[in-house]
Amino acid sequence: MGFIPFRQSVFRRVLSVIALMIPLMFLTVGCGSGDSSEGGTESIPLTSPKNVSITPKSGALNLVWTKLASVTGVDATYEVWYGTEESLASATMVETNASITGQFVSTNIENLQNDTLYYIRVRAVYEGIGKAAFSNAFTASPIGKPTTPIISASGGWENMLEVVWNASPYATSYSVYWKKGATSNEPPADAEFKIINNNRTLITGVDNNETYRVWVKASNTAGDSSFTYTDTSSAPVTAIPVAPTDGNTSASAKSLVVRFSAVEQASAYKLRCSTENNLAGSEAVASEMSVEADSGTVSFTVPDLINKQTYYIWVQATNSLGASAYSAMGSGTPISRTELNGAIDYANAGFILGSATAEYIWADSPPVSVFLPANFFKRDPIDRLSRIRETAVGNLFCDGAAWYVRDQYPEDPIDFVFLNGGYIEGAIAPGDISVGKILGMIDSDAVSEDTLVIVSLKGSDLMSVFKTAAAVKHSGHGNSGTSGWGITSKEVSYTIRYRTIDPAITTITNTEGDLFRHGWIDFDGTSVGGSGTPEWAFNGEVLDPNKTYRVATTSWLADGHDGYLGFLQGTNRVNHTEFFWQAVAHYIYEMGTVTPYVTHHIKLIGGVPLNAPGWEEGPYYDLANQLDVNWIPPYDNTSLYEGF
């Protein structure tokens with residue numbers, strides 16, 4: 001059975017065509033000037049793209065939007081105008097035509113100045129019919145390629161390495177690699193790695209008194225810097241750490257965030273909390289609080305508190321030699337911003353929800369696939385990362401919605417959130433996050449259609465949902481047909497395995513290619529990295545086919561779209577009136593400030609580009625003999641191929 005891989009189902013498309021055709025039966029196409037200032041002909045309502053995703057490059061901007069439906073059989077072409085002023089009077093039209101790939105339209109605006117704000121408008125043109133009114137102005141600034149980081153400090157203790165470097169201008173992330181005993185100028189293929197947003201990293205699990213080479217490069221949507229590196233080692237601790245001294249506590253709804261500078265030679269921290277200023281009567285919030293990786297600070301969120309109740313906090317640093325004294329007392333009072341400042345004005349696009357401390361990247365230039373040669377497949381101009389791997393923006397939407405549901409509907413506790421990656425169609429820049437920004441970064445149909453749904457699924461039906469997610473085609477690029485790629489809140493961790501092709505193979509048919517584009521989840525497997533970690537786990541436990549799980553999702557997925565027929569077996573479905581995006585907006589509003597993070601709870605083995613977060617190499621598939629090497633898929637997923 002084939003499934004519609006895009007936003008609209010066949011039924012919805014038919015309705016759209018009928019809705020367009022009915023008024024046309026009674027109208028004459030020729031009337032009206034078609035001038036853009038009039039918004040198209042008088043007889044046919046023409047619209048321009050509502051949402052345009054802009055990816056900054058060095059001296060350029062890449063624009064992507066969803067293709068508009070044809071009108072009376074006429075496909076839309078597009079004009080793109082840009083300028084450094086908001087007024088259209090001084091704008092310039094992009095000379096090159098936009099290219100259309102699948103359901104997406106893209107174009108580049110080149111020969112721009114970095115760090116200059118540009119106002120961009122798009123309008124649709126229907127030959128012989130007219131021109132639509134211009135879209136609203138979208139803004140973005142080109143950015144330069146980041147410079148090579150300069151390492152300023154390195155060292156380690158207690159089986160940890162800390163490396164600090166000067167922040168590179170324009171960098172939005174850093175790739176950090178490390179390997180014991182290495183001597184090369186660039187990391188070898190078997191080096192361990194991670195991608196972070198800060199200009200320092202804490203690497204755990206290394207051997208004391210062994211020399212490691214650590215490489216760092218800076219990245220943004222304009223490209224990568226060259227690598228820098230240092231040799232450093234970890235030593236056993238020599239003293240019990242001192243107590244943290246510079247802590248501060250910030251409040252949000254039903255929680256407190258405690259932050260303080262990491263303490264020399266500390267490997268972990270303990271925190272105690274009480275409603276009274278009495279350390280002896282306090283309770284441990286966590287038996288061990290780990291150092292926040294890749295930051296000069298340690299932070300911990302104390303959850304499940306009561307708003308308007310004052311809490312007192314004490315922190316202790318520990319290592320293998322012992323524990324410090326407790327810090328001086330800190331305090332804070334959780335408060336709901338809704339109670340403090342009033343409700344969100346969802347009708348006001350300029351309403352400020354909060355701010356982002358760093359960029360939530362959504363797309364990047366597509367790398368060459370590790371299992372297919374360059375340019376073998378026609379690729380979209382950018383990778384839509386939320387369609388191919390775990391991303392910080394995906395985590396914001398899933399974890400934010402999970403927080404919202406638990407906050408607003410505590411009587412209906414959920415286990416986790418499931419969302420399709422195609423729901424998200426844009427990035428979040430550092431700074432203020434407005435209602436309009438959230439509206440502009442999600443699928444345009446989803447804005448007014450996808451409501452919040454909570455449904456119960458038996459484990460066997462949930463297994464079907466994740467099999468569908470694993471079967472969505474994945475060639476390392478978030479091109480058309482990948483909207484259904486699944487993402488979850490942090491309670492669920494899972495590994496998708498893909499076959500890996502021998503890179504020496506340069507010719508492959510489409511049918512053979514399908515062997516490498518669809519994955520499996522081994523629900524009983526415990527072999528991730530040889531660690532014994534389940535390949536699918538809810539709070540660390542394997543999926544139980546007979547257990548009932550409570551899942552929050554969108555009405556789109558709950559109705560079985562994007563191939564997720566498993567949701568149709570759900571019971572105790574509750575349809576809430578708010579849109580899914582409003583749940584995420586409410587979370588941002590209550591938190592006030594949000595910071596990107598990737599937890600690696602979605603792991604990929606084989607079949608995708610190197611350096612993707614959570615990726616590790618998988619065994620080759622012997623194409624000539626149709627054999628998997630060292631691994632047999634746990635189930636036949638060929639029935640799920642069609643339509644993705």
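User: How many bridges join β20 to strand β23, and in which sense do the two run?

Analyst: Welcome! Please keep in mind that this is a predicted model. Seven bridges join β20 to β23 (residues 311-319), and the two strands run antiparallel. One place to look is A268, whose bridge partner in β23 is T318.

User: What makes strand β20 mostly covered?

Analyst: Five of the seven residues of β20 (residues 268-274) are buried. On the cysteines, C273 has a relative accessibility of 11%. Buried means under 20%, so C273 counts as buried.

User: Where does C398 stand, buried or exposed?

Analyst: C398 is at 0% relative accessibility, which is under the 20% limit, so C398 counts as buried.

User: How many disulfides are there?

Analyst: The count comes to zero. A disulfide needs a pair of cysteine sulfur atoms within 2.5 Å, and by this rule the chain has zero of them.

User: Why is strand β11 called largely enclosed?

Analyst: Six of the seven residues of β11 (residues 160-166) are buried, so the rest of the structure largely encloses this strand. It also has paired strands to show you. Strand β10 (residues 150-157) is joined to β11 by seven bridges, and the two run antiparallel. Within that pairing, G156 has L161 of β11 as its bridge partner. The hairpin of β10 and β11 has two residues between the strands, and E158 there takes a positive phi near 50 degrees.

User: Which sense does the pairing of β11 and strand β14 take?

Analyst: β11 and β14 (residues 200-204) pair in the antiparallel sense, over five bridges. You can find V164 opposite R200 of β14.

User: What makes Y170 partly exposed?

Analyst: Y170 has a relative accessible area of 32%. Y170 sits in the loop between β11 and β12 (173-180). Its phi is near 80 degrees, a positive value in a residue other than glycine.

User: And what about H600: which class does its accessibility put it in?

Analyst: At 36% relative accessibility, H600 counts as partly exposed. H600 belongs to the loop between β38 (593-594) and β39 (602-605). Phi of H600 is positive, near 65 degrees, and this residue is not a glycine.

User: Why is α9 described as largely enclosed?

Analyst: Twelve of the twelve residues of α9 are buried, so the rest of the structure largely encloses the helix. Among them are W581, H586, Y589 and E590. Just after α9 comes G592, with a positive phi of about 80 degrees.

User: What makes E491 buried?

Analyst: The relative accessible area of E491 is 12%, and buried means under 20%, so E491 is buried. This residue is found in the loop between β32 (486-488) and β33 (492-497).

User: Which side chains make polar contacts with the side chain of E491?

Analyst: There is R406, whose side chain is 2.8 Å away, and S489, with a side-chain contact of 2.5 Å. A polar contact is within 3.5 Å, so both of these values meet the cut-off. Leaving aside neighbours within four places in sequence, the residues in contact with E491 include R406, D415 and F538.

User: Which residues have the most contacts inside the largest nonpolar core?

Analyst: F397, F418, F466 and W536 have the most contacts inside this core of 80 residues. Helix α3 (residues 392-408) gives the most to this core, with ten residues. Apart from it lies another core, of 26 residues, among them L63, A76, I120 and A140.

Key:
Residues numbered from 1 in each chain as written. Predicted model: local features only at pLDDT ≥ 70, side-chain atom pairs only at ≥ 80, totals over all residues. Heavy atoms only, no water. Buried < 20%, exposed > 50% of the residue type's maximum accessible area, 1.4 Å probe, protein only. Helix = DSSP H or I, 4+ residues; strand = E, 2+ residues; numbered from the N terminus. Pairing = 2+ DSSP bridges. Polar contact = N/O pair within 3.5 Å; in protein donor to acceptor, adjacent residues only side chain to side chain. Contact = heavy atoms within 4.5 Å. Core = buried A, V, L, I, M, F, W, Y, C linked by side-chain atoms within 4.5 Å.
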